[in-house]
Amino acid sequence: MQWYFDLVTSLDDRIRADGTVVHCFYATKMGEQYEARYRQHFAAPDVIRHDLQHEELLVCYPQKWASEVENCCGILTGERGELL
């Protein structure tokens, strides 16, 4: 049901905030309408594609998800997850 609400939730188009990057984890198996929605609503989204289903990265690969978030935020961590 969450995926449905992702598609119908009302958002402005071409949202931009100076000094901000919007990172979108795009599960390509959910369909192209998701990427189109990101590009419609955000002025310059950083679309990060994964050949997965909706929320599969977070649920099935939490360490990979955390690593992706760290990369997006510029957070450096060591092998044990400690901040560097």
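Among contacts in the chain between residues at least 6 apart in sequence, what percentage join residues at least 24 apart? The share is 46%, a contact being heavy atoms within 4.5 Å.

**View 1. Overall fold of the predicted model.** Residues are numbered from 1 along each chain as its sequence is written, and side-chain values use heavy atoms, with hydrogens and water left out. The model is predicted: local features need pLDDT of at least 70 and side-chain atom pairs count only at pLDDT 80 or more, whereas totals for chains, interfaces and linings use all residues. Four helices and two strands make up the secondary structure of the chain, in the order α-β-α-β-α-α along the sequence. These elements are DSSP runs numbered from the N terminus (helices: H or I, at least four residues; strands: E, at least two). Of the 84 residues, 25% count as buried (buried, under 20% relative accessible area; exposed, over 50%; partly exposed, in between; 1.4 Å probe, protein chains only). The chain exposes about 6,300 Å², of which carbon and sulfur atoms supply 54% (Shrake-Rupley method, 1.4 Å probe; for residues, only the protein chains shown count as cover).

**View 2. The largest nonpolar core.** Eight residues form this core: Cys-24, Tyr-26, Ala-27, Met-30, Tyr-34, Tyr-38, Phe-42 and Val-47. Strand 1 (23-27) and helix 2 (32-41) are the elements that give two or more residues to the core, and strand 1 provides the largest share, three residues. Such a core is a set of buried Ala, Val, Leu, Ile, Met, Phe, Trp, Tyr and Cys residues joined through side-chain atoms within 4.5 Å. Leaving aside residues up to four places away in sequence, Phe-42 touches Arg-14, Ile-15, Val-22 and Cys-24.

**View 3. The buried face of helix 2.** Tyr-34, Glu-35, Arg-37, Tyr-38 and His-41 are the buried residues of helix 2. Seen down the helix axis, they fall within an arc of 155° and therefore line one face of helix 2; the arc is that of the directions from the helix axis to the C-beta atoms.

**View 4. Surroundings of Glu-68.** Glu-68 belongs to helix 4 (residues 62-73) and counts as buried because its relative accessibility is 12%. Not counting residues up to four places away in sequence, Glu-68 touches Phe-25, Ile-48, His-50 and Leu-57.

**View 5. Leu-58 and its surface patch.** Leu-58, located in helix 3 (residues 56-60), counts as partly exposed because its relative accessibility is 36%. Together with Val-59 and Trp-65, Leu-58 forms a nonpolar surface patch with about 270 Å² of accessible area. Patches are made of residues with over 30% relative accessible area and no salt bridge, like charges being joined within 9 Å and nonpolar side chains (Val, Leu, Ile, Met, Phe, Trp, Tyr) within 5 Å; a salt bridge is a side-chain nitrogen of Lys or Arg within 4 Å of a carboxyl oxygen of Asp or Glu.
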